[in-house]
Amino acid sequence: MQVIQRLQKSVLGGALIIGSASIFSRLLGLVRDRLLSTEFGATDILDSYFTAFKIPDVIFNLLVLGALSASFVPVCVEQFRTRGKEAAIRTANSVLNALLCALVVLSLLCVVFAPQLVALLSYGDTPDEQALTTLFVRLMMISLVFFGVSNVLSGILHAQKQFFIYALAPIAYNLGIIFGILVLVPVMGSIGLAVGVVVGAAVHVAVQFPAARRIGFRYQWVLDWKDRGMRTILKLMPPRAFSLGLTQLNTVFVFAMASTLEDGSRAVWQFAENLQHFPINIFGVSLSLAVFPVF
């Protein structure tokens, strides 16, 4: 453990930790995809599964992964260094509560209007296929709330250079999905795929929470819109959200048009996309994540 602590203090050490964990996580991702293709093949079930994934994924990428992470981490670093732990934790709680309110509202809206959203996103599918996608969407929206909490915790750990636990969370997420494929699908049928996503998201939170507590995080119901850190984050988010939004819209259009092709087209496309990102995440993302708090 002391070796890990020493590695976390340097950029290359942090990149090594994140890269090593990323390799393992991505290998688990390949195992996950292999299990999916073995169990279901390039079929309408996987098309529905991957299509349903896009709705919470778009919201997550816009509000959480890129926009919030890109603005939250540098602000959190600055808060810890200049205003102290208490101010940093207060800002983190304000961000967490604002994000939770937004995600709960958006999730409920997506649950209510899931049939309409699915009809737009997979207009080439049959009514039965759209019904399955709708059910997947409604279940997967639960994972969005978990990921909101988890990524605020990730931001705190990232800002404090606690790369080891931060890097374990994606591994836990993939294990949750694999659990869904191997254990839940035989019992629940294809619905087990969506439940596995929720399980993975819950474990994503559970892995990071103890480490966040050790460095001082305590949950508080505080929503201070006048907080300096909160205002800075809100100012930094829109440009990043806009650029990510264009990328996400492109993916949505690809999936919508692919719904008019033969069954399994979207599943094949998604498998290829996952393979494409394998080297990018191991090398490029690992180094950038490690160097980000230093910058």
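**A tour of the aromatic pairs and a surface patch**

Start by selecting F255, which counts as buried because its relative accessibility is 1%; buried means under 20% relative accessible area, exposed over 50%, and partly exposed in between, with a 1.4 Å probe and protein chains only. This is a predicted model, in which local features need pLDDT of at least 70, side-chain atom pairs count only at pLDDT 80 or more, and totals for chains, interfaces and linings use all residues. Residues are numbered from 1 along each chain as its sequence is written, and side-chain values use heavy atoms, with hydrogens and water left out.

Next, search for aromatic pairs: the whole structure has seven. Rings of Phe, Tyr and Trp (its six-membered ring) pair if their centres lie within 6.5 Å; planes under 30 degrees apart count as stacked, over 60 as edge-to-face and the rest as tilted.

Select F50 and F271, an edge-to-face pair with 5.6 Å centre to centre and 85° between the planes. F50 is in helix α3 (residues 44–65) and F271 in helix α11 (residues 265–291), 221 residues apart, so the pair links distant parts of the chain; helices here are DSSP runs (H or I, at least four residues), numbered from the N terminus. F50 counts as buried at 5% relative accessibility, and F271 counts as buried at 16%.

F255 lies in helix α10 and W269 in helix α11, 14 residues apart. W269 counts as partly exposed, at 29% relative accessibility.

Last, select Y49, F50, F53, F136 and F271, which ring pairs link into a cluster.

Technical notes
Helix = DSSP H or I, 4+ residues; strand = E, 2+ residues; numbered from the N terminus.
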